[in-house]
Amino acid sequence: MFLVIGSNMTEAHPVASTFLKNAVQNGAKLIVFDPRNHKLCDFATMHLPLKVGSDIALLNAIMNVLITEDLYDKRFVESCTTGFDAIKEKVMGYTPEYASDICGISADKIREAARLLASVKPAMLCYTLGITEHTCGRNNVLSTANLQMLLGNMGMECGGVNPLRGQNNVQGACDMGALPNVFPGYPSVTLPAAREKFEKAWGVTGLSGNVGLMMPQMMEGLVSKKIRAFYIFGENLANSEPDIRKVEHELSSAEFLVCQDIFPTETTRFAHVVFPAAAWSENEGTFTNSERRVSRVRTACPPPGLAKPNWWIFKQIAKRMGHDWQSDSAQEIWDNEVSVLAPSLSGIKYERLENNGLQWPCTDEQHPGTCFLHQNGEFTCGRGRFMAVDWTPPAEVADEEYPLVLSTGRRLYHYHTRTQTGRCEGLNELLGEETADISIEDARRMGIEHAEKIRLKSRRGEVVVKARITHEVPPGMVWMAFHFRETCANWLTNPVFDPVTCTAEYKACAVKIEKYNEKSN
């Protein structure tokens, strides 16, 4: 069984969704929790179209049913977890009737979903940005883990909590320490022993024990001048961050801005220096995917013009700052540094990365890699910890002035801000412009025709865009992507963030629709 929550896999992860759909056609069950009736729902045994931002209320109610009807995995909970009493006390307040008023799913349907989830083991839970891109994103993820531990779907193949990463090497970037609180391999920067280890390896002294800034804090710091220089590596922030006008003000406030990318973007317009980087197919290196699998990337063609591998650019900057980094290739960086400094990667050497790669933890050169985590219920911290959390509404909800909720995501034919896919004629022919997806009921009520231009407004901005009337979207909701500049959803989205992860709430903001008169505009 699969539980897919907050993920339109057929468009955001089309390859992975193919495997899932094949499994369903071979007899696996599929439950989808998602506000939209997107194409994956056509394959679902059950679809629960919950209201935007109500995931915790629904998940707590399902756990309420599992406990009250004695359907949870007692052996796993008792032998492999801690905190059950606290989670039980919390979810007892989320009866299906109470949660129904919040999430819009009937109490009977909630009970039916809970019973179905308990009927099959293992069940694999998959989530994407529909879970994390909320002001309660961290708590949403904790709720998915609570559910899977309660069902005993951890520490086994085809179980677990599986984040479908938004890009091909998100996992690998995190593994390398591209987070403000950890070194490569995830030791905390606050640990003196970890700092001492990396100071010795890197030939430096005085590494800070303070957790660094998250991206929204950095960008706000550009305006306050707390941050004076900003280095943007492979990101098109001027299109991808919420409230584009705010973002452009922040970028234009930088005293010194460096961009490192493969193409000019909306963001490179603000740069004082642009470093042309080699693309993935012009580079040697590795990617690490959602299942922790490290795979080789091989050069298919030389980089054009002045473009250089990213590691080479960084090394040259370091050299001009007085540091002589010894490694001189992707293989040397991995074998001499990465695998030496990160214990979970110590058994992975370049010569072993053939065929299907290796999954970390891989602790020595004879280790076959780890197919799935928490085997036999043995968690990194010993036992799995239930973390009781409450539902909280989005930062901005529909009201009289802005009566609709906008949620955003990706469409099949383009990727993010079209830095790459926008240069492909065939993809532009398949999808050449953005639309605002609205329900049949709302279109009828407002007298809007399919493909008619409308003005979509939030408290931050407005876009003029064609309406797409569809059964995929429930009444009261508007859905858009952020692929096209002039009609980018991020002119409208709310720059509010999860207090822990600093992930923006792209999935919920209040908007209104106005008729658009081309002559008067």
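**Entry 1: lysine 90**

I began with lysine 90, which sits in helix α5 (residues 84-91). Helices here are DSSP runs of H or I with at least four residues, strands are runs of E with at least two, and numbering goes from the N terminus. Before going on, I noted that this is a predicted model, where local features need pLDDT of at least 70 and side-chain atom pairs count only at pLDDT 80 or more, while totals for chains, interfaces and linings use all residues. I also noted that residues are numbered from 1 along each chain as its sequence is written, and that side-chain values use heavy atoms, leaving out hydrogens and water.

Next I listed what lysine 90 touches: Asn60, Ala388, Val389 and Asp390, leaving aside residues up to four places away in sequence. Contact means heavy atoms within 4.5 Å. With aspartate 390, lysine 90 also makes a side-chain polar contact of 2.7 Å. A polar contact is a pair of N or O atoms within 3.5 Å; within protein, one must be able to donate a hydrogen and the other to accept it, and residues adjacent in sequence count only if both atoms are side-chain atoms.

**Entry 2: the five-stranded sheet**

I traced an open sheet of five strands, in the order β3-β2-β1-β5-β6, with parallel pairing. Two strands pair if DSSP finds at least two bridges between them. β3 (46-48) and β6 (161-163) are at the edges with a single partner strand each, so one side of each has no neighbour in the sheet. From one strand to the next, the twist averages 20°.

How many bridges join β5 and β6? Strand β5 (residues 124-127) pairs with β6 in the parallel sense over three bridges. I found leucine 125 opposite valine 161 in β6.

Then I looked at the helices on this sheet. Helix α7 (residues 107-118) packs there and touches β1, β2 and β3, its direction making about 135° with that of β3. Helix α3 (residues 55-68) lies across β1 (2-5), β2 (30-33) and β3, at about 140° to β2. For these angles, axes are lines fitted to C-alpha atoms, for helices over the stretch in contact, and angles run from 0 to 180 degrees between N-to-C directions.

**Entry 3: antiparallel strands**

I found another open sheet, three strands in the order β10-β11-β12, with antiparallel pairing. β10 (285-288) and β12 (358-359) are its edge strands, each pairing on one side only. Strand β11 (residues 293-297) is joined to β12 by two bridges, and valine 294 has leucine 358 as its bridge partner.

I also noted a hairpin of β19 and β20, with six residues between them; cysteine 502 in the turn has a positive phi of about 60°. Which residue of β20 partners phenylalanine 497? It is alanine 504.

I went through the loops for cis bonds. The bond from lysine 121 to proline 122 is cis, with omega near 0°, and proline 122 is in the loop between α7 and β5. The bond from tryptophan 360 to proline 361 is cis too, with omega near 0°.

I wrote down two positive phi values as well. Cysteine 158, in the loop between α9 (137-151) and β6, has phi near 65°. Alanine 451 has a positive phi of about 75° although it is not a glycine.

**Entry 4: domains**

Last, I looked at how the chain is divided: domain 1 (2-164), domain 2 (170-363) and domain 3 (404-515). These bounds come from an automatic or database domain assignment. The contact between domain 2 and domain 3 takes 20 residues from each, and their centres, taken over C-alpha atoms, are 31 Å apart.
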